[in-house]
Amino acid sequence: MTLSSTRPVLVLLALGLFAIGTDGYVITSLLPDVGHALGVSDSAAGQLITVFALAYAVGAPVLGVLTGGLPRRPLLIGSLAVFALTNAGVAIAGSYPVMMVVRVLAALAAAVFTPACSATAAVLAADGRRGRALATVAAGVSLSTALGVPLGALVGAAFGWRVTFLAIAVLAALATAGLALLLPSVRTPPATGLRARIAVARTRGVPTALGLTVLWIAGAFTVLTYVNPVLGDLAGVRGSGLAVWLLVFGVAAVAGNAVGGRAADRYPATSLAVVTTAGLALALTTFGVLASLGVHGRTGMVAAAVVLAVWGVFGWAFMPVQQHRLVELAAGDAGVVLSLSASATYIGISLGGFAGSLALTSGGVAAVGWTAGAIESCAVLAAIAIAVAHRRRVRGVRAAAAGMDTATSPTR
């Protein structure tokens with residue numbers, strides 16, 4: 001199948017990820033209102049992000065085992081329908097415990113849909129177009145940052161946070177209906193048990209790649225979870241004005257995702273991982289530098305916009321690059337390895353939120369930036385180590401092949 005013939009389906013899959021991504025990220029801008037409505041502190045409201053991330057991280061591999069042999073079409077449609085219903089539940093939740101439970105259910109539904117979505121995109125793609133197909137689907141996540149989060153923040157400011165989650169439920173329901181109409185039957189991968197998944201996780205190169213994913217997203221979410229106070233301190237951005245700055249970040253993220261997808265089809269993923277994590281580390285560290293220097297006012301506004309743009313491009317270019325590499329490492333188990341990647345991502349989100357909370361409490365906004373930069377610097381070092389090891393393996397294989405050719409060539 002060509003990319004153009006499958007594009008409507010890929011767009012619907014992207015819309016599902018758009019709803020999921022908006023649900024996961026928009027709450028960072030709504031925390032004060034959510035906490036006030038549920039009668040809890042901002043820090044307690046922040047645990048709704050952590051609980052969602054942990055439920056997803058744990059649920060993805062477990063549910064992957066339980067649903068591994070199910071046909072992809074009903075699995076995608078059913079999980080997205082459950083996600084829509086749970087977000088409608090979030091919109092009407094009247095207490096903090098109920099909200100916690102519904103957020104866990106939403107995370108579990110997302111944990112089923114997301115890896116199956118990416119794996120389906122990889123199966124539908126024509127040869128040589130896998131990176132672009134993955135980028136098309138992943139664009140749903142980056143667009144959720146570009147449009148979903150700022151629009152959700154504006155809707156929440158104008159009509160209340162419950163309407164934001166109701167809108168997310170409607171979007172997920174629309175994507176569900178579209179997939180029910182257009183999604184063809186997709187080859188179901190062989191069912192994989194827990195041992196098989198552990199074997200995939202131990203495939204050469206996969207553990208280090210997953211570790212790199214954890215570091216990448218942990219550094220980003222150290223800042224992103226608390227982007228409201230960070231931008232408030234540096235640029236004086238508060239309330240509905242936050243939507244404009246999130247839009248700058250999101251547009252850059254869309255551009256980065258597109259560039260990363262195309263680059264993954266042309267250049268070594270290991271080298272691209274070094275470039276993208278290095279750019280992200282620079283951007284995140286700059287938040288710490290600006291805050292430590294006491295930058296505020298107009299200078300802070302311009303500087304923050306530039307840093308958000310750099311962050312968006314380099315940070316989101318990493319995602320399709322890393323997915324492309326993981327599929328290469330475990331080509332016969334794309335669904336499994338992408339499920340593990342999703343778990344690694346949400347483990348990183350929960351770790352980033354925890355690190356950001358500690359940094360903000362102990363050292364303020366400057367500490368948040370420095371902590372994020374330190375974590376991302378570790379990601380850069382890990383990416384360099386992976387790239388060096390990969391090049392050595394390639395040289396070794398080429399040398400061995402050359403040696404065999406020399407040994408088998410006839411003597412003159």
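Keep in mind that the model is predicted. As background, nonpolar side chains in soluble globular proteins tend to be buried together.

**The nonpolar cores**
- The largest nonpolar core holds 111 residues, and the members that touch the most others are Leu13, Phe83, Phe113, Phe287 and Trp311.
- Helix 4, which covers residues 96–124, gives this core its largest share, with 16 residues.
- There is also a second, separate core of 15 residues, and Val200, Val206, Ala334 and Ala344 are among them.

**A closer look at Trp311**
- Leaving aside residues up to four places away in sequence, Trp311 touches Ala220, Val223, Leu224, Phe249, Leu280, Ala283, Leu284, Phe287 and Trp316.
- One of these contacts, Phe287, is listed with Trp311 among the core members that touch the most others.

**A nonpolar patch on the surface**
- Leu143, Leu147, Leu151, Leu154, Leu247 and Val251 form a nonpolar surface patch, with about 480 Å² of accessible area together.
- Helix 5 (130–159) and helix 10 (242–264) each supply at least two of the patch residues, and the largest share, 4 residues, comes from helix 5.

**A buried glutamine**
- Gln323 sits in helix 12 (residues 297–329).
- Gln323 counts as buried because its relative accessible area is 12%, and the cut-off for buried is under 20%.
- Beyond residues up to four places away in sequence, Gln323 touches Ser118, Leu134, Ala138 and Leu338.

Notes:
Residues are numbered from 1 along each chain as its sequence is written. This is a predicted model: local features need pLDDT of at least 70, side-chain atom pairs count only at pLDDT 80 or more; totals for chains, interfaces and linings use all residues. Side-chain values use heavy atoms; hydrogens and water are left out. A nonpolar core is a set of buried Ala, Val, Leu, Ile, Met, Phe, Trp, Tyr and Cys residues joined through side-chain atoms within 4.5 Å. Buried means under 20% relative accessible area, exposed over 50%, partly exposed in between (1.4 Å probe, protein chains only). Contact means heavy atoms within 4.5 Å. Patches are made of residues with over 30% relative accessible area and no salt bridge: like charges are joined within 9 Å, nonpolar side chains (Val, Leu, Ile, Met, Phe, Trp, Tyr) within 5 Å. Accessible areas come from the Shrake-Rupley method with a 1.4 Å probe; for residues, only the protein chains shown count as cover. A salt bridge is a side-chain nitrogen of Lys or Arg within 4 Å of a carboxyl oxygen of Asp or Glu.
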